[in-house]
Amino acid sequence: GGGKLRGYGCRVRVTSQEGPPLIMQYLVIGNAATGTLFVMFFETPEPEWEWAWTIAEPLLTLFVLGDDA
(Lines give C-alpha, C1' and ligand atoms only; values in the text may rest on other atoms or scores of the structure.)
Protein backbone atom coordinates (compact mmCIF):
# COMPACT_ATOMS: atom_id res chain seq x y z
CA GLY A 1 0.00 0.00 0.00
CA GLY A 2 0.84 3.62 0.24
CA GLY A 3 0.83 6.46 -2.22
CA LYS A 4 3.46 7.83 -4.54
CA LEU A 5 4.68 10.43 -2.05
CA ARG A 6 7.17 9.75 0.75
CA GLY A 7 8.18 12.36 3.28
CA TYR A 8 10.72 12.81 6.03
CA GLY A 9 11.34 15.63 8.46
CA CYS A 10 13.81 16.64 11.13
CA ARG A 11 14.57 19.51 13.48
CA VAL A 12 18.16 20.46 14.23
CA ARG A 13 19.86 22.94 16.55
CA VAL A 14 23.01 24.63 15.26
CA THR A 15 25.34 26.55 17.55
CA SER A 16 27.77 29.29 16.62
CA GLN A 17 30.08 31.67 18.43
CA GLU A 18 28.67 34.48 16.28
CA GLY A 19 25.18 34.56 17.78
CA PRO A 20 22.41 32.57 19.41
CA PRO A 21 21.80 28.97 18.33
CA LEU A 22 19.56 28.44 15.31
CA ILE A 23 16.67 25.97 15.20
CA MET A 24 16.06 24.53 11.72
CA GLN A 25 13.07 22.45 10.66
CA TYR A 26 13.42 20.48 7.41
CA LEU A 27 10.77 18.62 5.42
CA VAL A 28 11.64 16.53 2.36
CA ILE A 29 8.99 14.92 0.16
CA GLY A 30 9.78 12.73 -2.82
CA ASN A 31 7.65 11.32 -5.63
CA ALA A 32 9.34 8.31 -7.20
CA ALA A 33 6.78 8.16 -10.02
CA THR A 34 7.64 11.65 -11.30
CA GLY A 35 11.22 11.91 -10.02
CA THR A 36 10.33 15.08 -8.10
CA LEU A 37 11.87 16.08 -4.78
CA PHE A 38 10.54 18.91 -2.63
CA VAL A 39 12.72 20.40 0.11
CA MET A 40 11.19 22.87 2.53
CA PHE A 41 12.89 24.38 5.54
CA PHE A 42 12.43 27.02 8.18
CA GLU A 43 15.01 28.45 10.54
CA THR A 44 15.01 31.03 13.31
CA PRO A 45 17.19 31.98 16.27
CA GLU A 46 16.42 29.73 19.22
CA PRO A 47 15.14 32.57 21.48
CA GLU A 48 12.44 33.32 18.85
CA TRP A 49 11.49 29.70 18.10
CA GLU A 50 8.21 29.42 20.02
CA TRP A 51 6.78 32.57 18.46
CA ALA A 52 8.13 31.89 14.96
CA TRP A 53 6.93 28.27 14.95
CA THR A 54 3.32 29.46 15.32
CA ILE A 55 3.76 30.99 11.85
CA ALA A 56 5.93 28.29 10.26
CA GLU A 57 4.07 25.18 11.42
CA PRO A 58 0.96 25.77 9.26
CA LEU A 59 3.16 26.49 6.24
CA LEU A 60 5.04 23.21 6.65
CA THR A 61 2.07 21.02 7.58
CA LEU A 62 -1.00 22.28 5.72
CA PHE A 63 0.27 22.46 2.13
CA VAL A 64 -1.13 20.02 -0.45
CA LEU A 65 0.70 18.12 -3.19
CA GLY A 66 -1.18 16.23 -5.89
CA ASP A 67 -0.14 12.77 -7.11
CA ASP A 68 1.27 14.34 -10.28
CA ALA A 69 3.58 16.68 -8.32
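**Close-up 1. Asparagine 31 in strand 2.** Asparagine 31 lies in strand 2 of this predicted model, strands being DSSP runs (E, at least two residues) numbered from the N terminus. Residues are numbered from 1 along each chain as its sequence is written. Local features need pLDDT of at least 70 and side-chain atom pairs pLDDT 80 or more, while totals for chains, interfaces and linings use all residues; side-chain values use heavy atoms, without hydrogens and water. Asparagine 31 has a relative accessible area of 2% and is therefore buried (under 20%; exposed is over 50%, partly exposed in between; 1.4 Å probe, protein chains only). Its side chain reaches the backbone nitrogen of alanine 33 at 2.9 Å. Across in strand 3, threonine 36 stands opposite asparagine 31.

Close-up 2. Strand 2 (residues 19-31) pairs with strand 3 in the antiparallel sense over ten bridges; pairing requires at least two DSSP bridges. Glutamine 25 faces phenylalanine 42 of strand 3. Four residues separate the two strands of this hairpin, and glycine 35 in the turn has a positive phi of about 70°.

**Close-up 3. The hairpin of strands 1 and 2.** Strand 1 (residues 5-16) runs antiparallel to strand 2, joined by eleven bridges. Valine 12 has methionine 24 in strand 2 as its bridge partner. Two residues lie between the strands of this hairpin.

**Close-up 4. Valine 39 in strand 3.** Valine 39 belongs to strand 3 (residues 36-45). Its relative accessibility is 52%, so valine 39 counts as exposed.

Notes:
A polar contact is a pair of N or O atoms within 3.5 Å; within protein, one must be able to donate a hydrogen and the other to accept it, and residues adjacent in sequence count only if both atoms are side-chain atoms.
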